[in-house]
Amino acid sequence: MVTNKGFANGPNDQQRGIDFIGVTCSFVCHDGKGRVLLHRRSKNCRDEQGRWDNGGGAHEFGTSVEDTIRREIKEEYGADATNLQFLKVYDLHRKLNDGTPTHWVSVCFAAQVDPRQAKNNEPYKIDDIGWFSYDNLPHPMHSAADHSLGAAHAAGII
């Protein structure tokens, strides 16, 4: 069983995305009517604070990608994910606030959520949430948003 959840517990622990390639499951939550649910990252996030993000989280050992997507949507938005649809896989190269390079492989899905269920379920990490059309996205956007939102747009979801 993995106990460090990707964060160093001691000087010899390895960190996902830094010491080895991490796997993240990203998602594009939509309402089935062309709108996408995004959140603005708070100052407490490890990087890209203040940027609008479509959401995601580290893939945990022993779980399916679909279960990771459902868990992360429930954690972030308190909503149930339905109609999961695979969008794409892509490499994500970014830097932490201190300049440390990171490398993740993102497995991206679209998931329909009920707008009445969606709420800011992680106020420590999320400053705001909102529903947007693809033609009216907020700024600034997360560095990976083009990958995920572009794939959802190309698939006709948003």
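**Exercise 1. The largest nonpolar core**

Find which of the 21 residues in the largest nonpolar core touch the most other members, and which elements supply this core.

*Solution.* Start with the residues: Val28, Val36, Leu38, Leu87 and Leu149 touch the most other members of this 21-residue core. Next, turn to the elements: two or more residues each come from β2 (35–41), β5 (82–95), β6 (101–112) and α2 (145–154). Of these, α2 gives the largest share, four residues. Finally, look beyond this core: another one lies apart from it, with 14 residues that include Cys25, Ile69, Ala111 and Val113. Keep in mind as you work that the model is predicted. As background, nonpolar side chains tend to be buried together in soluble globular proteins.

**Exercise 2. Strand β2 and its partners**

Work out which strands pair with β2 and in what sense, then say why β2 is largely enclosed.

*Solution.* Let's take the partners one by one.

- Strand β1 (residues 22–30) runs antiparallel to β2 and is joined to it by two bridges. Histidine 30 has valine 36 of β2 as its bridge partner. Four residues separate the two strands in this hairpin, where glycine 32 has a positive phi near 80 degrees.
- Strand β7 (residues 126–133) is also an antiparallel partner of β2, through seven bridges.
- Strand β3 (residues 52–53) pairs with β2 in the antiparallel sense through two bridges. In this pairing, the bridge partner of arginine 40 is tryptophan 52.

Now for burial: five of the seven residues of β2 are buried, so the strand is largely enclosed by the rest of the structure.

To zoom in, pick valine 36. Setting aside residues up to four places away in sequence, valine 36 touches Val28, Cys29, His30, Gly130, Trp131, Phe132, Leu137, Leu149 and Ile158.

**Exercise 3. A buried glutamate**

Locate glutamate 76, find the nearest side chain of opposite charge, and list the contacts of glutamate 76 beyond its neighbours in sequence.

*Solution.* First, the location: glutamate 76 sits in helix α1 (residues 65–77). Second, the charge: glutamate 76 is buried, and the nearest side chain of opposite charge is lysine 125, 6.8 Å away. A salt bridge requires a nitrogen-to-oxygen distance within 4 Å, and glutamate 76 has none. Third, the surroundings: leaving out neighbours within four places in sequence, glutamate 76 contacts Phe27, His39, Gly55, Gly56, Lys119, Asn120, Asn121, Glu122 and Ile126.

How values were computed. Residues are numbered from 1 along each chain as its sequence is written. This is a predicted model: local features need pLDDT of at least 70, side-chain atom pairs count only at pLDDT 80 or more; totals for chains, interfaces and linings use all residues. Side-chain values use heavy atoms; hydrogens and water are left out. A nonpolar core is a set of buried Ala, Val, Leu, Ile, Met, Phe, Trp, Tyr and Cys residues joined through side-chain atoms within 4.5 Å. Buried means under 20% relative accessible area, exposed over 50%, partly exposed in between (1.4 Å probe, protein chains only). Contact means heavy atoms within 4.5 Å. Two strands pair if DSSP finds at least two bridges between them. Lys and Arg count as positive and Asp and Glu as negative; His and the chain ends are not counted.
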